[in-house]
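Colleague: Please pick a single part of this model and take a close look at it. I would like to know where it sits in the chain and what lies around it.

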Amino acid sequence: MPKLSFFLWMFIGSVLLMNTPVLYAQQEVSPVSSSSKVRKFTQNEIARLALLATKNAESQKVMMGSYVPNSPASYNRRAGTEYTYYELANWDSLYQQVGRDYEEMWKIGKRFMDNQLKQKKIFYFSHDPNHPRSRGFLRELWYLQKKKKGVRFIQEGDALWKAVW
């Protein structure tokens with residue numbers, strides 16, 4: 001597979017993200033009925049949930065990347081106690097409460113990233129940002145690029161990338 005630049009991935013990702021609701025709407029097996037209540041998070045809930053999802057908050061380094069179930073390669077496992085990372089214990093339950101609306105769940109992740117950026121933490125990635133393999137990871141990269149123009153990634157070791165701007 002040819003190596004694509006970060007900016008080309010961001011373009012491809014933005015196109016994919018714009019089309020995501022349509023693609024997922026077609027794949028829904030059990031859509032939320034009109035009689036079901038689908039809730040939206042309030043700004044206070046988003047702020048509270050982002051704080052609850054913040055692990056190792058005292059660290060000055062943040063680990064982002066791909067979630068890999070039951071794998072030591074997953075960003076949250078790689079973070080250990082050295083890095084701040086995002087992990088929302090009741091993510092699946094909340095996802096159901098918002099009618100499986102990924103955009104609504106992203107509000108929490110985005111607030112987590114904003115909180116870390118405000119604290120001027122150093123961002124690291126457990127997976128190659130030039131080859132994002134999941135929608136969530138791609139969204140994180142896109143958002144970081146939006147917030148920090150000119151961000152680039154320096155590989156440090158076999159499987160660690162540092163964001164610099």
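Modeller: Helices (H or I, at least four residues) and strands (E, at least two) are DSSP runs, numbered from the N terminus. Read on that basis, the sequence follows the pattern α-α-β-β-α-β-α-α-β-α-β-β, with six helices and six strands. The model is predicted, so local features need pLDDT of at least 70 and side-chain atom pairs count only at pLDDT 80 or more, while totals for chains, interfaces and linings use all residues. Residues are numbered from 1 along each chain as its sequence is written, and side-chain values use heavy atoms, with hydrogens and water left out.

The part I have picked is Ser-59, which belongs to the loop between β1 (54-55) and β2 (61-64). Although Ser-59 is in a loop, Ser-59 is buried, at a relative accessible area of 10%; buried means under 20%, with a 1.4 Å probe and protein chains only. For the whole chain, 42% of the 165 residues count as buried.

What does Ser-59 touch, leaving aside its neighbours within four places in sequence? Its contacts (heavy atoms within 4.5 Å) are Glu-82, Tyr-83, Thr-84 and Lys-121. In the chain as a whole, contacts with a separation of 6 or more are 67% between residues 24 or more positions apart. The side chain of Ser-59 also has a polar atom that lies 3.1 Å from the backbone nitrogen of Lys-61.

Lys-61 leads on to two rings. A charge sits over a ring if NZ of Lys or CZ of Arg is within 6 Å of the ring centre and within 35 degrees of the ring normal. Lys-61 lies over the face of Tyr-83, 4.7 Å from the ring centre, and also over the face of Tyr-124, where the figure is 5.8 Å.

Tyr-124 brings in the strands. It is the bridge partner, in β4, of Met-63. Four bridges join β2 to β4, and the two run parallel; strands pair if DSSP finds at least two bridges between them. On β4 (residues 122-125) there is also an antiparallel pairing with β6 (residues 161-164), through two bridges. There, Phe-125 has Trp-161 in β6 as its bridge partner. Trp-161 is also the bridge partner of Gln-155, and β5 (residues 152-155) pairs with β6 in the antiparallel sense over four bridges. β5 and β6 make a hairpin with five residues between them, and Gly-157 in that turn has a positive phi of about 90°.

Aromatic pairs (Phe, Tyr and Trp six-membered ring centres within 6.5 Å; planes under 30 degrees apart stacked, over 60 edge-to-face, the rest tilted) come to eight. One of them is Trp-106 with Tyr-143, edge-to-face at 5.7 Å centre to centre and 85° between the planes. Because Trp-106 is in helix α5 (residues 102-118) and Tyr-143 in helix α6 (residues 135-147), this pair ties together parts 37 residues apart in sequence. Trp-106 and Tyr-143 are both buried. Trp-91, Tyr-95 and Tyr-102 form one aromatic cluster.

Definitions and conventions: Buried means under 20% relative accessible area, exposed over 50%, partly exposed in between (1.4 Å probe, protein chains only). A polar contact is a pair of N or O atoms within 3.5 Å; within protein, one must be able to donate a hydrogen and the other to accept it, and residues adjacent in sequence count only if both atoms are side-chain atoms.
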